[in-house]
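The following exercises are to be worked through with the sequence and the structure in view. Each task is followed by a solution in steps.

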Amino acid sequence: MRRRIGLALLTVWLTAFAALFLLPTVLTVTNSFMSTEEISAGYGVVYASAPGSGSGYMAQQVHLKFIPDMVSLRQYAAILLESPEYLLKFWNSVILAVPIVAGQVTVAALAAYGFTVYRGRGRELLFFSYIILMLMPYQVTLVPNYLVAKFLGMLDTRRAVVLPGIFTPFSVFLLTKTMRRIPKEIREAASLDGAGPWRIFTRVYLPQCRSALYSVVILVFIDNWNMVEQVLVLLTDADEQPLSVFLSQINAGEIGLAFAAAAVYMIPPVLLFLHGEGYLVEGIADQGSLKG
Amino acid sequence: MKKPAHDRIGRRARRTSALFLAPSFLGVSLFFFIPFCVVVYYSLVADPISRRFVGLANFQKLLRNAAFLQAGRNTLLFSGIAVPLAVALSLALAVALDRSIPLKSQLRSFFLSPLVVPAASVVLVWQVIFHRSGALNSLIEALGGTGVDWLKSGFSQLVIVALYLWKNLGYDMVLFMAALAAIPKEPLEAAQIDGASPTVIFFRLKLRYLAPTTFFVTIMSLVNSFKAFREIYLLTGDYPFETLYMLQHFMNNTFRALDYQKLSAAAVVMFLAITAVIGLLFWLEGRLGKDLEQ
């Protein structure tokens with residue numbers, strides 16, 4: 001009986017805590033359906049640069065509201081039809097993040113197979129240096145990236161962000177761990193049947209790594225959809241910057257729009273998450289430790 | 001007769017390995033390894049044009065730079081608070097969810113969800129909550145307390161720690177949940193039969209099996225703690241309150257001034273500091289993990 005009560009209390013407590021985790025996301029979505037007047041009445045005080053700069057009623061304190069007084073699609077209409085800059089920045093995010101994900105996963109899958117079929121001392125040393133590189137923050141890696149971009153004359157172009165992104169070794173690490181867990185005998189049997197390395201890689205290894213591949217795609221996409229540091233240093237041209245940086249520069253007149261833009265911005269990663277949560281959880285769980 | 005055939009297979013595997021590794025190796029060398037060597041070189045010369053070797057002078061200058069020291073202290077303080085909290089809380093969550101609780105998988109999804117929400121999307125809500133006249137202060141004042149300016153006071157680091165935990169606890173928790181599920185059952189059952197209490201079993205047995213994962217979670221939390229700059233930047237811009245001035249801010253400002261010597265020396269110092277911390281963690285794991293692998 002005491003056990004049951006304890007478990008019930010734990011459940012209640014955990015549910016409340018989990019609700020707290022969901023709250024900011026839910027608030028963003030519900031607020032995106034509010035009218036401009038409702039938003040500026042509720043939150044205007046936060047965004048007003050000077051006292052009295054907003055028009056209409058403005059509360060002195062913020063009133064957090066979950067449910068709009070009246071559901072309005074006005075903000076969505078505005079960002080999708082009237083203010084092209086939001087869609088443009090959204091598109092900027094797409095053409096930065098998608099090539100990085102596609103490139104990084106392709107290069108990494110090849111490299112992971114390379115680290116799996118042969119494990120000499122040199123390979124292990126290289127794998128170890130990949131791990132060290134993977135653990136380095138942008139504060140360290142942006143300096144070499146900047147030097148190369150400058151040397152190749154591609155500073156302030158998308159390539160300056162995309163190319164280093166493709167060769168970031170995070171995916172190599174996760175995929176190598178997964179491929180090394182596939183029994184060697186499978187490879188040897190396929191080889192005896194006359195399959196070449198490329199065939200073994202595409203027909204045996206890639207299908208076996210499906211959940212790791214999917215979780216790498218999600219994790220790399222999330223990270224790059226969210227990019228801030230690289231943009232500030234390598235892509236300072238405001239026209240080419242992604243929505244992740246632009247959303248913070250919203251001025252007081254446009255907070256209503258910003259909520260709708262923020263909600264739209266969540267859609268791609270959230271869809272990926274809902275579609276492949278199982279793979280993602282499995283992929284994270286597979287990381288386990290740093291040993292190969 | 002057997003050995004040459006074996007050699008041939010080994011050689012072929014080696015060639016296959018080299019071919020598959022080539023694209024990644026070339027890219028990583030071009031964008032990271034080689035330019036990092038240039039960074040080390042730049043950190044040791046007076047300027048890129050005269051190339052006069054000055055030894056450690058750039059480092060001495062950097063370590064006397066007030067902005068660098070401030071940023072270093074703030075970053076160290078932040079990671080020092082955030083990382084242990086993340087490890088302890090995510091372990092607690094994983095243990096709680098390890099029991100037979102209703103809605104277990106839904107709860108896991110809720111805790112994991114902040115991971116996929118872009119920082120830029122929720123930053124609006126954070127502003128509304130933590131502003132001087134924001135929702136949190138409204139609540140505090142309604143309860144009879146006095147509000148503080150959360151993002152422009154000594155409390156600002158706490159706010160960022162909270163945002164960091166919000167984003168990262170789910171990921172760490174999933175890592176711990178997998179490790180808990182992988183603990184072999186026999187030793188636990190044996191201990192139970194011997195009459196050991198759940199607390200004793202947890203601290204004496206389970207924690208030992210969790211050692212490698214704890215090590216991994218610590219390292220990943222540390223790596224992710226450097227990304228808290230995103231939230232700080234999106235919330236407070238280029239010039240935040242002084243306790244939120246992080247190493248990334250320092251680097252951004254130095255990039256703007258194009259001071260290669262300072263940038264290079266700072267990158268090398270951070271590289272060494274992080275390598276030292278990771279090395280220490282590796283060493284700790286080796287010592288703690290030893291008694292398990294008999």
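Helices (H or I, at least four residues) and strands (E, at least two) are DSSP runs, numbered from the N terminus. This is a predicted model, in which local features need pLDDT of at least 70, side-chain atom pairs count only at pLDDT 80 or more, and totals for chains, interfaces and linings use all residues. Residues are numbered from 1 along each chain as its sequence is written, while chains are lettered from A and ligands numbered from 1 in the order in which they are written.

**Exercise 1. Determine which elements make up chain B and chain A.**

Step 1. Read from the N terminus, chain B runs α-α-α-α-α-α-α-α-α-α-α-α-α. This gives 13 helices and zero strands.

Step 2. Chain A has 14 helices and, again, zero strands.

**Exercise 2. Explain why helix 8 of chain A is described as largely enclosed by the rest of the structure.**

Step 1. A residue is buried if 20 or more other C-beta atoms lie within 10 Å of its own, exposed if 12 or fewer, and partly exposed in between; C-beta atoms are placed from the backbone.

Step 2. In chain A, 46% of the 292 residues count as buried; in chain B, 42% of the 294 residues do.

Step 3. Helix 8 covers residues 170-180 of chain A, and nine of its eleven residues are buried, so the rest of the structure largely encloses it. Among the buried residues are Val172(A), Phe173(A), Leu174(A) and Lys177(A).

**Exercise 3. Describe how helix 3 and helix 14 of chain A pack.**

Step 1. Axes are lines fitted to C-alpha atoms, for helices over the stretch in contact, and angles run from 0 to 180 degrees between N-to-C directions. Helix 3 (residues 74-82) and helix 14 (residues 255-287) of chain A pack at about 75°, with axes 8 Å apart.

Step 2. Angles under 35 degrees count as roughly parallel, over 145 as roughly antiparallel, 65 to 115 as roughly perpendicular and the rest as oblique. Helix 3 and helix 14 of chain A are therefore roughly perpendicular to each other.

Step 3. Two residues are in contact if their C-beta atoms, placed from the backbone, lie within 7 Å. Helix 3 of chain A contributes Gln75(A), Tyr76(A), Ala78(A) and Ile79(A), and the residues from helix 14 of chain A include Leu257(A) and Phe259(A).

**Exercise 4. State how many residues each chain gives to the contact between chain A and chain B.**

Step 1. Chain A gives 80 residues and chain B gives 74 residues.

Step 2. On the side of chain B that touches chain A, helix 1 (residues 2-42) of chain B gives the most, with 17 residues.
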